[in-house]
Amino acid sequence: MGDLARKGFAVVLPAAVICLGIAFARAQDAAEGIIKYRQNVMKSQAGHLGAISGVVKGQVPFKEHVAAHAAALNGTSRMILQLFPEGSGTGETRAKPEIWQQWNKFKQAAQKLQDETAKLVQVADIGDLDQITTQFVVVGKACGGCHKPFRKRR
Amino acid sequence: MRWVSQALPQAKMKSRSGCFALLFLFLIPSGRAWSAETDAVKRGEYIFRAAGGCTCHTEAEDGTFLAGGRAIETPFGTFYGTNITPDEETGIGAWGEPDFMRAMREGLSPRGAHYFPVFPYTSFTRMRRQDLVDLKAYLWTVTAVRKENRAHDVQPPFSWRPLLKGWKLLNFTPGELREDPTHSAEWNRGAYLVQALGHCKECHTPRTLLGGFQDKMAYAGTQDGPEGEAVPNITPDAETGIGTWVVGDIVFFLKTGLKPSGDDAQGLMAEMIDNGFKHLTDDDLRAIAVYLRSLPPIRNEVNHRHEKVATD
């Protein structure tokens, strides 16, 4: 009997350790995955913002492109809350713990970006460069509205 | 003058004769005195903006305007911005013009004590006299706030003020900025805005162990900026500085805080743009850009602490 129990243990314990290890590794992979994913989304936003700024500064004549960039920004801004699940604040990330401590404030800041990018889409459809410039700056401020309180500085 | 022009149509309607002349005579002297004073304040406010809104004197997160208390972490200790509202007891309201001049140009308090160079008199000493007079006129219109200054938290020997006399001999050259006739008027304006008013060098240049500037690395950025932050290289080096930014990019950045990459400015710089630089004229922002682009490019990768995190 004792022998059997011992044999059982010899099998179960390492198995349990391996299972736990895999589960832990999976969780970590998942956390790394979401961090990587969210950084890619943020980088895409920076890309569109940078592109619009080229138009606004008169460096390129593509005023009619702004609507598409703005729509992309609006689309990705709708993802933001999903990009920050609990537990995704550790590891290689600049996300501050305040995001989850002040989730409502974070939510409002994210909502602000949605609203302002939606307005940028509207303004871009009208096509007046002055209006686009003004609203673009407001969108930039909305980015800062999240970055300042919730992103670690470099 | 504005009063006069507003009064004119009314005067014309009322009468074509003496009344008009009388009104005119009555308005001119008072109008002039009034406008001379407000012009100085207006000019002073512009100087204040060009200096980045003296952001270090306002506590972060909705602090009382210019009433001090802001913590400025440096490798030498933590300094606290002082109250520069015109409160006579706790601010600078009791200062006369010579006191103000001495502080800004020589880094000396009214009682003759040396200021720590965290107060960038090393840059402000380059300012023109009239700009200082105007700046004072503006600062004295700010709401006076009673708030005692907080003692700096600095370890010896850096806390010993008398030693600053020696520091100044080594690291401080007082005097106004001179125009460089070999460059354009725009470049010279930019040099003045960058060196004297904007005091860009103060944060964007690495310092020696004693806190002087490493002049060979001027504007090349540093790991050890104020508030424990890294400060970017703003020389026109293409890889490690802002060499890929054209004049329009710099102007736009100083107006909005948005970099050509689409990212936004952080920390003190974001505040200085909001409180100061975004209010400057396009001509002045362009002058700043022209000057910055004329600096010798210096290769210096400022190793942001979280850089890997952000870009990988």
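This is a predicted model: local features need pLDDT of at least 70, side-chain atom pairs count only at pLDDT 80 or more; totals for chains, interfaces and linings use all residues.
Which residue of chain A meets Asp264(B) in a salt bridge? The partner is Arg151(A), with N and O 3.3 Å apart.

On the side of chain B, 28 residues are in contact with 26 residues of chain A. About 2300 Å² of area is buried between the two chains. Carbon and sulfur atoms give 51% of that area. Between chain B and chain A there are 4 salt bridges. There are also 7 residue pairs in polar contact, both residues being at pLDDT 80 or more. Several helices of chain B take part: helix 9, helix 10 (267-275) and helix 12 each supply at least two residues of the side that touches chain A. The largest share comes from helix 12 of chain B, with 5 residues. By class, the side of chain B that touches chain A has 9 nonpolar, 9 polar and 10 charged residues.

Now to the salt bridges in general. Side chains of opposite charge can pair when their charged atoms come close. Over all chains, the whole structure holds 22 salt bridges. In chain A, a network of salt bridges links Lys112(A), Glu116(A) and Lys119(A).

Take Arg299(B) and Glu239(B), whose side chains meet in a salt bridge at 3.3 Å, N to O. Arg299(B) lies in the loop between helix 11 (282-294) and helix 12 (307-311) of chain B, and Glu239(B) lies in the loop between helix 8 (201-204) and helix 9 (247-256), so the pair ties together parts that are 60 residues apart in sequence. Arg299(B) is exposed, at 56% relative accessible area. Glu239(B) is exposed too, at 64%.

Is Glu202(B) buried or exposed? Glu202(B) is buried, because its relative accessible area is 9% and the cut-off for buried is under 20%. Its side chain meets that of Arg207(B) in a salt bridge, at 2.9 Å from N to O. Arg207(B) counts as partly exposed, at 26% relative accessibility.

Glu148(B) and Arg146(B) form another salt bridge. Their closest N and O atoms are 3.8 Å apart. Both ends are exposed: Glu148(B) has 59% relative accessibility, and Arg146(B) has 54%.

The backbone comes next. Most residues other than glycine have a negative phi, and most peptide bonds are trans. Pro157(B) sits in the loop between strand 3 (153-154) and helix 6 (164-171) of chain B.

Positive phi values turn up as well. His199(B) is not a glycine, yet its phi is positive, at about 40°. His199(B) belongs to the loop between helix 7 (185-197) and helix 8 of chain B. His199(B) is buried, with a relative accessible area of 13%. Tyr219(B), again a residue other than glycine, has a positive phi near 70°. Its place is in the loop between helix 8 and helix 9 of chain B. Tyr219(B) is buried, at 6% relative accessible area.

Technical notes. Residues are numbered from 1 along each chain as its sequence is written. Chains are lettered from A and ligands numbered from 1 in the order in which they are written. Side-chain values use heavy atoms; hydrogens and water are left out. Buried means under 20% relative accessible area, exposed over 50%, partly exposed in between (1.4 Å probe, protein chains only). Helices (H or I, at least four residues) and strands (E, at least two) are DSSP runs, numbered from the N terminus. Contact means heavy atoms within 4.5 Å. Buried area is the accessible area (1.4 Å probe) that two parts lose on being put together, summed over both. A polar contact is a pair of N or O atoms within 3.5 Å; within protein, one must be able to donate a hydrogen and the other to accept it, and residues adjacent in sequence count only if both atoms are side-chain atoms. Ala, Val, Leu, Ile, Met, Phe, Trp, Tyr, Cys and Pro count as nonpolar, Asp, Glu, Lys and Arg as charged, and the others, Gly among them, as polar.
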